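Trainee: Could we go through this one together, with the cut-offs spelled out as we go?

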Amino acid sequence: MSYVPIDPGMLRGEIGMVTRPRRRWLPFSPWHLILMPIALIMLTPLWSMVATSLETLPQTRHFPPILWPGDFQWGNYPGTVRAADFGLWFWNTTVVTVSVVASNLLLCSLAGYAFARIRFLGRGVIYMVLLATLMVPLQVVLIPTFLVTKSLGLIDHLGALIVPNLANVFGIFMLTQFFRTLPLELEEAARMDGASRLGILFKIVLPLSMPALTTLAVVQFMWTWNDFLWPLVTLPFNEGAYTIQLGLMNFQGAHTVDWNYVMAGNVMSMMPMLLLFLAAQRWFIRGIATTGLKG
Amino acid sequence: MAGVTFEHVTKVYPGGTVAVEDLSLEVADGEFLILVGPSGCGKTTALRMVAGLEKISAGQVMVGDKVVNDVPPKDRDIAMVFQNYALYPHMSVERNLAFALRQRRMPRAEIDRRVGDVAEMLGMTELLKRRPGQLSGGQRQRVAMGRALVREPKAFLLDEPLSNLDAKLRVAMRAELGRLHNKLGITTVYVTHDQVEAMTLGDRIAVMSAGKLQQLGPPQEVYDHPANIFVAGFIGSPAMNLFKARASGGVVTAGELSLPASGVADGEVILGLRPEVLEPAGAGAQVALTMRVDVVEPLGDEVLVHGTVPGEAAESGAEEEDLGTLALVAEASRAPITVRLDPRTRPVPGDEIPLAVDALRVHLFDAISGAAMEIRAN
């Protein structure tokens, strides 16, 4: 019997086709001709931000914008840090973001598991009502939420940024959908092995839900880190509780704006998110692919 | 160890579907009982009720002499092997095996000892550090068995554990399961729809259909003396040939076949002939019926010949998707028949084969109730 090498095409279901190597007229897929210019367009604002952060002040005001400063002003970065209380803002934002992400992972997991697996009266209705709240824009609930936060005595306090965001419906929805895709037999096996409901959740379900949990963590991190409106509304007087986004606004003076400093601040504020995304990218993409959240 | 008892157990699902109806069954301590039946017959539901994964609508399930209706699964001291193994994919084989023991807060040394013993018994010591995703189907099956064994439970529940394996591996694992049971003697309830597993593994088999127990007994007895037409049609592969027949004056007639059957009341009956009770009529032998050959399946040690004979086919209710009576029968006046012949016989399609019947191994069933009828030898 002769040995027939397996063509990758066969694995893609193209069995029975003549296995002649496809002649390529480009060293890459033709799709790249469309995707690369789009990627370049997407990267332009990012590059513009980085470039501006390395320019002198007159260069930032040049028209057309200078996309390659030539003489890089690395000193803009320590200058920015010295010009404002960046360390405190970073610390405040980190405290808020870490608290919110951690509480969301915990509370959304608990709620999501209940909706996915526990039969209780009104489960379907409550789930629908929760989902319906996703359609209500932030502007509509801004004042009621502010009033509730105020009645809790949290205005001008970091708690104002944490407490109202301890759990969110998007996270519950996403984890419910993911938990439903896990085989029920695994949980039944764990029940027979002696695990409690919480034991099953923490020892079986959550370790198998890393893609969804990572996605939720990254998305929630991004939302909280970048949030501007809610901190602006709830931290009117206490500069000591400013987050990084609120602080960056301080750079924009009434008459002049030091764009090189603002952009250096922006680049620095973006770094944690960028690093998190790069670290979690593999899980993040799997999470989006498996929970049907791709838009 | 302990026996498992069903006492008038009924399971009704929300929506009114009756999955199991008034099931009474006793599995003795150390017995290997097979629950067998077609898809949807309630066998898996019955097993899940013992496991505690389904609530019991009525009746009692007992493990040993303790009623376990309201006992949570973890406190029943029963282990189950799932059809798709349900191994925890994020844990190594070792942690899979140890999971139940850790849940019970067993001392570390005892856990290590038991895991080591089971791994050695099942020949998977070198697999302990691997994850389920890195194992073959047979190895996963072994780990699933090991996970059940390591708990040293009172009883084992196995839900079609071999159905995901390829044919060759299934034969090997079947033998291994048998050996394991002989060695350990743990009470086992085994659900399958596979004929061969049912016949070879069990001390007794319980045939179920539509939620009801049809017959309970040792495999050979069920094969030789099916209690009703369903069991007759279900147990045995190829299935028993069933024909509509008429009893009159101590003689049963089906098409051209005519057999003595004293003690059978006159009226409509169903005649059952296992494929092996028919054989080519040698010179001088009495020809009972003539078969027209349609398809010949040489299997090496035997030849299965499918064809038709004059007469009308009867249905047992055990046919899955009418596979037994598909388009082979073009004429309404002919009934399909399958005969198991010696491998040296090699008929060709279109042949007419005269067949003789061993009259002592014929089955008769009531045409209305489907119950087996006793034939008195003349």
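Mentor: Gladly! Helices (H or I, at least four residues) and strands (E, at least two) are DSSP runs, numbered from the N terminus, and the expected span of a helix is 1.5 Å times one less than its number of residues. This is a predicted model, where local features need pLDDT of at least 70, side-chain atom pairs count only at pLDDT 80 or more, and totals for chains, interfaces and linings use all residues. Residues are numbered from 1 along each chain as its sequence is written, while chains are lettered from A and ligands numbered from 1 in the order in which they are written.

Trainee: What should helix H5 of chain B span, at 1.5 Å a residue?

Mentor: H5(B) covers residues 167-184, which is 18 residues.

Trainee: Which residues of H5(B) are buried?

Mentor: Buried takes 20 or more other C-beta atoms within 10 Å of a residue's own, exposed takes 12 or fewer, and partly exposed lies in between, with C-beta atoms placed from the backbone. In H5(B), the buried ones are B:Arg170, B:Met173, B:Leu177 and B:His181.

Trainee: Why are they on the same side of H5(B)?

Mentor: The arc is taken from the directions from the helix axis to the C-beta atoms. They sit on the same side of H5(B) because the arc they cover is only 80°.

Trainee: Which exposed residues does the face turned away carry?

Mentor: That face of H5(B) is turned away from the buried side. Its exposed residues are B:Lys168, B:Ala172, B:Ala175, B:Arg179, B:Asn182 and B:Lys183.

Trainee: Which residue follows H5(B), with a positive phi?

Mentor: Its phi is near 65°. The residue after H5(B) is B:Gly185.
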